[in-house]
Amino acid sequence: MENYSFLAISGSLRSQSFSTAVLRSLSERVPGNVQIEHAAIGQLPFFNQDIDDDERRPTEVAAFRSSVESSDGLIVVTPEYNGGLPGVLKNAIDWASRPAFESPLKGKPVVCITASPGAAGGIRAHAHLQQLFAATLANQVVMPPVAIGGIGGKVTNAMLTDETSLNFALAAVQRLLEMVNCHRAGA
């Protein structure tokens with residue numbers, strides 16, 4: 001059985017983040033041959049192309065890019081802020097997207113999930129996230145958007161406890177595994 005390594009990125013820095021709860025729950029329910037590392041994007045400085053070279057690149061940025069590059073794929077879960085993505089997530093994507101057309105995101109399998117207290121589950125942020133990953137040439141899981149609405153009532157003790165939502169998110173991770181298998185097989 002092959003092993004897989006995914007990088008989990010939460011778009012929320014909040015200590016009781018619903019997005020992080022979703023990622024934590026996924027980490028506990030994936031098969032045993034799947035390892036999920038959680039990225040700490042809150043430590044990244046604001047993107048500044050003036051310091052984006054081998055001599056001046058901050059160590060946090062270099063470590064984050066290395067984690068993106070060495071992973072088999074990304075699992076990104078984010079809330080929706082004001083109809084779009086939180087700035088911290090956009091900043092992380094900006095850092096990982098360099099150099100243009102040769103970044104660690106190019107061809108990287110990625111699954112996008114949103115979670116929001118609102119009924120629509122952050123669908124506008126989901127669309128924004130898909131646009132950003134398309135611009136980086138990432139290889140996105142294509143399926144109905146995983147947008148978990150009413151997330152506040154679906155998390156207990158920092159874990160996603162709503163089985164329907166969790167199974168939908170797990171199906172997206174399964175599609176990510178299938179995409180990685182195709183990528184490894186050269187298909």
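The model is predicted, so local features were taken only at pLDDT of at least 70 and side-chain atom pairs only at pLDDT 80 or more, while totals for chains, interfaces and linings use all residues. Residues are numbered from 1 along each chain as its sequence is written, and side-chain values use heavy atoms, with hydrogens and water left out.

Helix packing comes first. Helices (H or I, at least four residues) and strands (E, at least two) are DSSP runs, numbered from the N terminus. Axes are lines fitted to C-alpha atoms, for helices over the stretch in contact, and angles run from 0 to 180 degrees between N-to-C directions. Angles under 35 degrees count as roughly parallel, over 145 as roughly antiparallel, 65 to 115 as roughly perpendicular and the rest as oblique.

Helix H1 (residues 18–29) packs against helix H5 (residues 163–185) at an angle of about 70°, and their axes are 10 Å apart. That makes H1 roughly perpendicular to H5. The crossing of H1 past H5 is right-handed, a term for a near helix turned clockwise from the far one by less than a right angle, with anticlockwise giving left-handed. On the H1 side, the contact (heavy atoms within 4.5 Å) involves Ser25, Leu26 and Arg29, which meet Glu163, Leu166, Asn167, Ala169, Leu170 and Val173 of H5. By class, the residues of this contact of H1 with H5 are 5 nonpolar, 2 polar and 2 charged. Here Ala, Val, Leu, Ile, Met, Phe, Trp, Tyr, Cys and Pro count as nonpolar, Asp, Glu, Lys and Arg as charged, and the others, Gly among them, as polar.

H2 and H3 pack at an angle of about 80°, with 9 Å between their axes, and are therefore roughly perpendicular to each other. Val61, Phe64, Arg65 and Val68 of H2 make this contact with Ala92, Trp95 and Ala96 of H3. The contact of H2 with H3 has 6 nonpolar residues, no polar ones and 1 charged. H3 also packs with H4: their axes come within 11 Å and cross at roughly 10°. H3 and H4 are therefore roughly parallel to each other. In this pair, Leu89, Lys90 and Ile93 of H3 are in contact with Leu129, Leu132 and Phe133 of H4. The residues of the contact of H3 with H4 are 5 nonpolar, no polar and 1 charged.

Next come the open spaces. On a 1 Å grid over the protein atoms alone, a cavity is a set of points where a 1.4 Å probe fits but cannot get out, and a pocket is an open set with protein on both sides within 12 Å along at least five of seven lines; lining residues have an atom within 4 Å of a point. Grid points are joined across faces, edges and corners, and a volume is the space filled by probe spheres set on the points.

The largest pocket has a volume of about 200 Å³. It is lined by 13 residues, of which Asp94, Ser97, Arg98, Ala135 and Thr136 are the closest to its centre. Helix H3 (87–96) and helix H4 (123–135) are the elements that each give two or more residues to this lining, and H3 provides the largest share, 3 residues. The lining of the largest pocket is made up of 7 nonpolar, 3 polar and 3 charged residues.

The second largest pocket holds about 160 Å³ of space. Among its 13 lining residues, Ser10, Ser12, Ala39, Ala40 and Ile41 are the closest to its centre. Strand S1 (4–10) and H1 each give two or more residues to this lining, with the largest share, 3 residues, coming from S1. This lining has 7 nonpolar, 6 polar and no charged residues.

The largest cavity holds about 70 Å³, and its lining includes Val110, Val111, Cys112, His126 and Gln130. Strand S4 (109–116) and H4 each give two or more residues to this lining, and S4 gives the most, with 3 residues. By class, the lining of the largest cavity has 8 nonpolar, 3 polar and no charged residues.

The second largest cavity holds about 40 Å³. Ile9, Phe64, Val68, Leu74, Ala92, Ile93, Ala96, Leu105 and Phe133 form its lining. Helix H2 (59–70) and H3 each give two or more of these residues, and H3 supplies the largest share, 3 residues. The lining of the second largest cavity has 9 nonpolar residues, with no polar and no charged ones.
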